[in-house]
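Student: I would like to learn how to read the packing of helices in a model. Could we go through it slowly together?

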Amino acid sequence: MLNTIGLGVLGIDPITAAYMMSMRLRGEGKFRITLFFLSFAVSTILVGTVLAASMGAAAAGFLQSVLPDDGSRFWAIAELAVSIVILIWVAKRVFAGPKREKKQPRETVRGGALGHVVMGFVFAVTSFTDPTFYAVMLIGGESHSVVMAALLLALWFVVSQCLAMVVYAAIRCNRLDALTARLDEWKARNQTMFNCVLHGALIVVAILLTADATAYWLTGGYLL
């Protein structure tokens, strides 16, 4: 359980929460937002459970055979690539001028209920790109219990989608405007400090990744 909670924390996803906020701000009704969220949750847990029950521990062996080993140069190249991307992103954030946000009027959107269910399934498919999803799926498969696999995946979903669940609760309780106002107030008060901490942490990560990759090219072994 603790492993699953930790993987859920590592897999926290703000994109779904942001999308649900945009749905409400565009004028989507609570019922359609509920359809989207339930479709997303049920599809993610159901597909993960089916994969865990059908593939189980065999999937772990397959992934181990496909992924490069710990001493492969692949990881050095990946670390350099990630560090370059981080530094470019930080540089753009630091040197780019402030963006002017244009407030657009709310528009009522009248999409079909089926479209929201399908969109929820599409969001569930994006979970398949999350390594923590596969890790929990494999843990559930190794338990040789469909119920345990479903419970672990449900726990992972609750933790990783905690932001989306907060937004959903705010929408159901008609508190989304208050939540948005609180976020805007916090952003205005702490934006500069938050950006400095974020940029500093990312630069440290980039330096560590570069040092680790450099050590591999010079000595044939990794530091981290």
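Tutor: Let us start with words for angles: those under 35 degrees count as roughly parallel, over 145 as roughly antiparallel, 65 to 115 as roughly perpendicular, and the rest as oblique. This is a predicted model, in which local features need pLDDT of at least 70 and side-chain atom pairs count only at pLDDT 80 or more, while totals for chains, interfaces and linings use all residues. Residues are numbered from 1 along each chain as its sequence is written, and side-chain values use heavy atoms, with hydrogens and water left out.

Student: At what angle do helix α3 and helix α8 pack?

Tutor: Two packed helices are described by the angle between their axes and the distance between the axes. Here α3 (residues 30–55) and α8 (residues 146–160) pack at about 140 degrees, with their axes 9 Å apart, and α3 and α8 are therefore oblique to each other. The contact (heavy atoms within 4.5 Å) includes Phe 37, Phe 40 and Ala 41 of α3 and Leu 153, Trp 156 and Phe 157 of α8.

Student: How do the axes of α3 and helix α6 cross?

Tutor: The axes of α3 and α6 (residues 113–126) come within 7 Å and cross at roughly 35 degrees. Among the residues in this contact are Arg 32, Leu 35 and Phe 36 of α3, and His 116, Val 117 and Met 119 of α6.

Conventions: Axes are lines fitted to C-alpha atoms, for helices over the stretch in contact, and angles run from 0 to 180 degrees between N-to-C directions. Helices (H or I, at least four residues) and strands (E, at least two) are DSSP runs, numbered from the N terminus.
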